[in-house]
Amino acid sequence: MSHNLNIDKLDLQIISEMMYNAEISYADLGKKLFVSGGTIHVRMKKLQELGVVKGTKLHVDLKMIGYDVIAFIGIFLEKSSLYDSVAKELRKIPEIVRLNYTTGSYSMFAEIICKDISGLRHVLHDELQKIKGIERTETFISLEESFTRTINVVE
């Protein structure tokens, strides 16, 4: 199962529960899964050491604190061999929150979050345009996020 990482059903249940609610205490999660809180602690430590679990994040409604623009940018590269160097440069732009190397029309696809349209313009015009290897971009502004979710890892 799971790429020879020795991950069992309990590990997957822990992952699933923590993906849904990372605030749950190990003791409460242990009760829910019929094991001790210590077992949950040991399993989480193992999952972190394996690189399966990479920390926890606080989910914030960014619009409520002034980040009103979410956009997606399709990036066309001059040559696909430039991916690594372009990705390194894109990582320096804090407004880019996700970057994927893709098949299809675009070489790369990025998600960007800005306070306003002038912030988006700054990233598009002043930041992206100076990166060597980017041939052109295509931008899609999100009007509304209908939902976001994680995948169910327990079968």
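The UniProt record, in an unreviewed entry, lists residues 7–68 for "domain: HTH asnC-type"; positions from that record follow the numbering used here, with feature names shortened, and its annotations may be inferred rather than shown by experiment. Helices (H or I, at least four residues) and strands (E, at least two) are DSSP runs, numbered from the N terminus. The model is predicted, so that local features need pLDDT of at least 70 and side-chain atom pairs count only at pLDDT 80 or more, whereas totals for chains, interfaces and linings use all residues. Residues are numbered from 1 along each chain as its sequence is written, and side-chain values use heavy atoms, with hydrogens and water left out.

Two helix pairs are described next. Two packed helices are described by the angle between their axes and the distance between the axes. Axes are lines fitted to C-alpha atoms, for helices over the stretch in contact, and angles run from 0 to 180 degrees between N-to-C directions. Helix α2 (residues 26–33) packs against helix α3 (residues 37–50) at an angle of about 105°, the axes being 7 Å apart. The two helices, α2 and α3, are therefore roughly perpendicular to each other, a class that covers 65 to 115 degrees, while angles under 35 degrees count as roughly parallel, over 145 as roughly antiparallel and the rest as oblique. In this contact (heavy atoms within 4.5 Å), Y26, A27, L29, G30 and L33 of α2 meet G37, I40, H41 and M44 of α3. The residues involved divide into 6 nonpolar, 3 polar and no charged, where Ala, Val, Leu, Ile, Met, Phe, Trp, Tyr, Cys and Pro count as nonpolar, Asp, Glu, Lys and Arg as charged, and the others, Gly among them, as polar.

Helix α3 also packs with helix α1 (residues 9–20); their axes come within 10 Å and cross at roughly 90°. This angle makes α1 roughly perpendicular to α3. From α1, the residues L10, D11, I14, I15 and M18 meet T39, I40, R43, M44, K46 and L47 of α3. The contact of α1 with α3 comprises 7 nonpolar, 1 polar and 3 charged residues.

Two residues of α3 illustrate this region. L47, found in helix α3, is buried, with a relative accessible area of 0%; buried means under 20% relative accessible area, exposed over 50%, and partly exposed in between (1.4 Å probe, protein chains only). Not counting residues up to four places away in sequence, L47 touches I7, D11, I15, V52 and V53. R43 likewise lies in helix α3 and is buried, at a relative accessible area of 19%. With residues up to four places away in sequence not counted, R43 touches D8, L10, D11 and I14. Between L47 and R121, the separation is 74 residues in sequence and 41 Å in space, C-alpha to C-alpha.

A71 stands opposite I141 in β4, and its bridge partner in β3 is I112. For F76, the bridge partner in β4 is R136. Strand β1 is mostly covered, 8 of its 9 residues being buried.

C114 is found in strand β3 and counts as buried at 3% relative accessibility. Not counting residues up to four places away in sequence, C114 touches Y67, D68, V69, E95, G119, L120 and V123. C114 and N6 are 108 residues apart in sequence and 41 Å apart in space, C-alpha to C-alpha.

Definitions and conventions: Two strands pair if DSSP finds at least two bridges between them.
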